Amino acid sequence: MRIISKKAGVLAATLATVLVFSSCAGVPAAGEHSENTSTTEIESTDSGSSDKGVAARSSESVDSAVDFEHELDEYEPHKDHYNFYFTYKTVHPWWDAVALGMEEAQRQFLDKGITITYEYMAPEGASAEDQTERLLAAAQKDYDVIGVDVADEEVISPVLDELIDEGTKVMTFSSSDASEDCKRIAYVGNTHNYQDGVDLTEALCKKLDYKGKVAILVGSVGAPCHEDRARGAKDTIAQYADMEIVAVEYDMDSVDLAYDLTLKILEDNPDLDGIVCCNMSNPVGAARAITEKESDAVIVGMDHDEEALKYLHDGVIYCLGVQDCYSIGYDTIQVAVKIADGNVPGALFPEKTDEITTVIYQEDAALMLELLYGDIL
Amino acid sequence: MKRKKQITNKTIVMTAVIGSLIVMGTMITNMLWTSRQTAMATSEAVGAVSTFYLEAMADRRAKTITNLINSNFDHMQKAVDFIAGEDIDSQEELRDCLGEIKSLLGLNRFALVDEDNVVYTQYTTYTGGSRHTFLTDAALNSRIITTVSLYGSSKQLCLAIPTPDLVIMGKNFKACFVQVDIREIVELLAFDDRGRTHFALYAKNGGNLSGTRLGPVIQDDNLFESLKGVIPDDVWEDNYRNFELEKNGSLALELEGAEESLCYVPIRGTGWEMAVLIRDSVIQDQIRNVSERSLKTTRIQIIFTLVTVLILATILLYQLGAISRAKLEEEKETSRSFRDMANTDSMTGVRNKHAYTEAEKIINEQIGSGELRNLAVVVGDINGLKHVNDTLGHAAGDQLIRDACTLICEYFKHGAVYRIGGDEFVVLLEGTGYDSMLETIRALNRKVEDNIKEDAVVVSIGYASLNPDDRQLRDVFERADQMMYERKKELKAMGAQTR
């Protein structure tokens, strides 16, 4: 039984239509203020991975912000039971969405007579040390594949290499890959975090007419996705002489910390014009603080947190980059099965399976809320 | 007497006809009156019935969900008791056990949660602190009902119970929870509805949980978003407040001339409202159908009664007519018999003196009016009757009379023969009898003369024809009578008896 209703599919298609029309309406003139022409009122981005089968770049039409309609490819698994271990940065709704995609893939394999069991574990707070312990413990058990959402690429990448050397099959998934030279077998997730940071920041700059004071909230220190987005934000702001970065803070994926940090930034910079938020907790905490202080600072941020979407709906947040977590989870399971059977990246799956990010605005918030959370309070 | 019989027959017929018409008219009037009364009563009842009907329906469905929830809670507790009694040593055994229970209960998800908020299901083990809202409280002290709608998943009902004493693989478990797809609840509710009503489950804000359409106006959207502008603002606010306070209520909609009634009742413990909508015309149609079936039966009964009455009346009239006709014929026959008896001579069978008198009256009128021109009167008298009576007895005399009558009738075949006295006959001749009168008389006289020699019956004949001067039949009769006496003398001379 599929977990996603037909209604969700219809809504997704409707949303896609809205996104396409909105995108068409919002594309700025070429060469205007920025060399980066991918920043649009609504857009989707990916890394432009060289691997076959990877989703297309944003120049193509956006099919959907979240693709709930998946079918397993024609690959025939070698076994009738697989057991995986997945660990991710921290307990957070973002990864719950990834889990739903995983469960859909698990159900579809079960329909084919293939049982997939797995653990999907994370600490309450992001910690490279905790992740290392989990990985080493998992390696002692007989899992077919271990999947990692890398908490800190400098700390975790060597651990993954060690596991690979010991014969453990390891892949990375969700938002953060390991370092470039890591031996992990494959990655499924966002490969364009830097570009996401660029696109969100470009939208902010345009909104501010390319002048003003901006703060950057980052997630966990060392988390590749967060750091890449922050880098993209910094590089974008650096292009505009009248824009200034007044603060860069890490909330460690905590909404409460993001709130406190924003209050502090506003206290230090009462004339703050905008905030770039690089993870899911940043925009929620920032929006709470902005609302409380009645600041006019413009917030751009990442992900689909329900509270963030409501702030977007109410106009407190200017835009959000929504990643297709569902597809990340679904594709992770599908790639994990192939890796478990001894396959390597190539014809069956790419070394990096990319998933799209869609930037949405206030007019899209209601539809996205309905799509992701239903109309219930 | 005859006139009185005719009035009676007509009265019976008229009475039967008028009676039938009155019965039919009364029945038709009664039927029309009943129909109108029923229609009026139906209209008045619809409003009351709509609300009552919907409230009962919404309440019944709400109770069905409440029963489902209670049933699941009971099953969960039994399942936890069962797991506690099992000797589970590994995650694989726990997964197998959870799978068996999930299958037995037919649930989307049956899971246990340990003290670290790690969730154990048949296929997965995951950290669920952020995914399941009921886990945000460190301690779980009572049953919890929540609605799950996460990241595009189907909307589900989540039921959780605390498991304070459950220890598996050395770990303390804090909760057991199940998830029931709301679509399955809807299918359960729709089972006995047959599409007659629209119903939907709503969250407190009017969000549609069931995905079902609530009529053409509201469809499957947010209830209160759909009702904006459709109902007055104060009604909208009252009902919105009812939802927030988990109260029941009702409202009426009107779209394109069609009236709709909507009722909602809270489902205890869930924060949901069960709303049921029906077009008043549906209830009207149903009531009308019932009424029409009843009226149809009444009409059939009335028509059957009318037909029966008509058939019975027809049979009765026919029988009355037959009886009347038979009686009339009988009376006519009796009358004819009496009349014949009065005009017939009992001894000879020819017309008697009474008949002659009646005929004389008619003829006198005809003579008076001048319309009668050819008429002759023959007078015959039996010779020797007194002698026979005196010598041979009255029986012989009677026989002589009959013989004389036979003789006269034999010759005057085209005439009306009357016996007007003991030995006296009259024959009235018209038409053919008149034309052949002289030949007939000559032949009769020759016969009579022969009879004298043979001692047979002798009749003296005299005759006369109607003259223009005659004023009445008596004038002709007297001339014929005179002639008869003359003839009697002639016959006496020939040897016949005179008396």
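Predicted model: local features only at pLDDT ≥ 70, side-chain atom pairs only at ≥ 80, totals over all residues.
Let's start with the big picture. An open sheet of 12 strands runs in the order β12(A)-β6(A)-β5(A)-β4(A)-β2(A)-β3(A)-β3(B)-β2(B)-β1(B)-β6(B)-β5(B)-β4(B), and its pairing is mixed. The two edge positions belong to β12 (352–354) of chain A and β4 (144–148) of chain B; each has a single partner strand, so one side of each is left without a neighbour in the sheet. On average, neighbouring strands here are turned by 25° against each other, direction ignored.

Zooming in on chain A, β4 (residues 145–148) and β5 (residues 170–174) pair in the parallel sense, with 3 bridges between them. One pairing to look for is A:Ile146, whose bridge partner in β5(A) is A:Val170. Packed on the sheet is helix α10 (residues 325–340) of chain A, which touches β2 (81–87), β3 (115–121), β4, β5, β6 (187–189) and β12 of that chain. The direction of α10(A) makes about 170° with that of β5(A).

## The chain B side

Chain B has 13 helices and 14 strands. It is 499 residues long, and 33% of them count as buried. Among contacts in chain B with a separation of 6 or more, 58% come from residues 24 or more positions apart.

Over on this side, helix α3 (residues 182–190) of chain B lies across β5 (156–168) and β6 (171–181) of chain B, at about 50° to β6(B). Elsewhere in chain B, helices α9 (residues 385–392) and α10 (residues 394–411) pack with their axes 7 Å apart, at an angle of about 150°. That angle is over the 145 degrees cut-off, so α9(B) is roughly antiparallel to α10(B). The residues that meet are B:Leu385, B:Val388, B:Asn389 and B:Leu392 from α9(B), and B:His394, B:Ala396, B:Gly397, B:Leu400 and B:Ile401 from α10(B).

Back in chain A, have a look at strand β9 (residues 274–277). A:Gly274 and A:Val276 point one way, A:Ile275 and A:Cys277 point the other way, and all are buried. In general, side chains of a regular strand alternate between the two faces of the sheet.

β9(A) pairs in the parallel sense with β7 (residues 212–218) of chain A over 4 bridges, and A:Ala215 has A:Ile275 as its bridge partner. β9(A) also runs parallel to β10 (residues 298–302) of chain A, joined by 3 bridges, with A:Val276 opposite A:Val300. To get from β9(A) to β10(A), the chain goes through helix α8 (residues 281–293), and this β-α-β crossover is right-handed.

β7(A) pairs with β8 (residues 243–250) of chain A too, in the parallel sense over 7 bridges; here A:Leu217 stands opposite A:Glu249. Together with helix α6 (residues 224–238) of chain A, β7(A) and β8(A) make a right-handed β-α-β unit.

## Two helix pairs in chain A

Helix α6(A) has a partner as well: helix α5 (residues 193–207) of chain A packs on α6(A) at about 40°, with the axes 7 Å apart. The two are therefore oblique to each other, and α5(A) passes α6(A) in a right-handed crossing. The contact includes A:Tyr194, A:Val198 and A:Cys205 of α5(A), along with A:Cys225, A:Ala233 and A:Ile237 of α6(A).

The other pair is α9 (residues 306–314) and α11 (residues 362–373) of chain A, whose axes come within 8 Å and cross at roughly 150°. α9(A) and α11(A) are therefore roughly antiparallel to each other, and the crossing is left-handed. Among the residues making this contact are A:Leu309 and A:Leu312 of α9(A), and A:Ala365, A:Met368 and A:Leu369 of α11(A).

## One buried glycine

A:Gly301 sits in strand β10 of chain A. Why does A:Gly301 count as buried? Because A:Gly301 has 31 C-beta neighbours inside 10 Å, and the cut-off is 20 or more.

Leaving aside neighbours within four places in sequence, A:Gly301 is in contact with A:Cys277, A:Asn282, A:Pro283, A:Ala308, A:Ile317 and A:Leu320. A:Tyr318 is 17 residues away along the chain, and its C-alpha atom is separated from that of A:Gly301 by 8.3 Å.

Note on methods: Residues numbered from 1 in each chain as written. Chains lettered and ligands numbered in written order. Pairing = 2+ DSSP bridges. Axes fitted to C-alpha atoms, helices over the stretch in contact; angles between N-to-C directions. Contact = placed C-beta atoms within 7 Å. Buried ≥ 20, exposed ≤ 12 C-beta atoms within 10 Å, placed from the backbone. Right-handed = clockwise from strand over helix to strand, strands pointing away. Parallel < 35°, antiparallel > 145°, perpendicular 65-115°, else oblique. Left-handed = near helix turned anticlockwise from the far one by under 90°.
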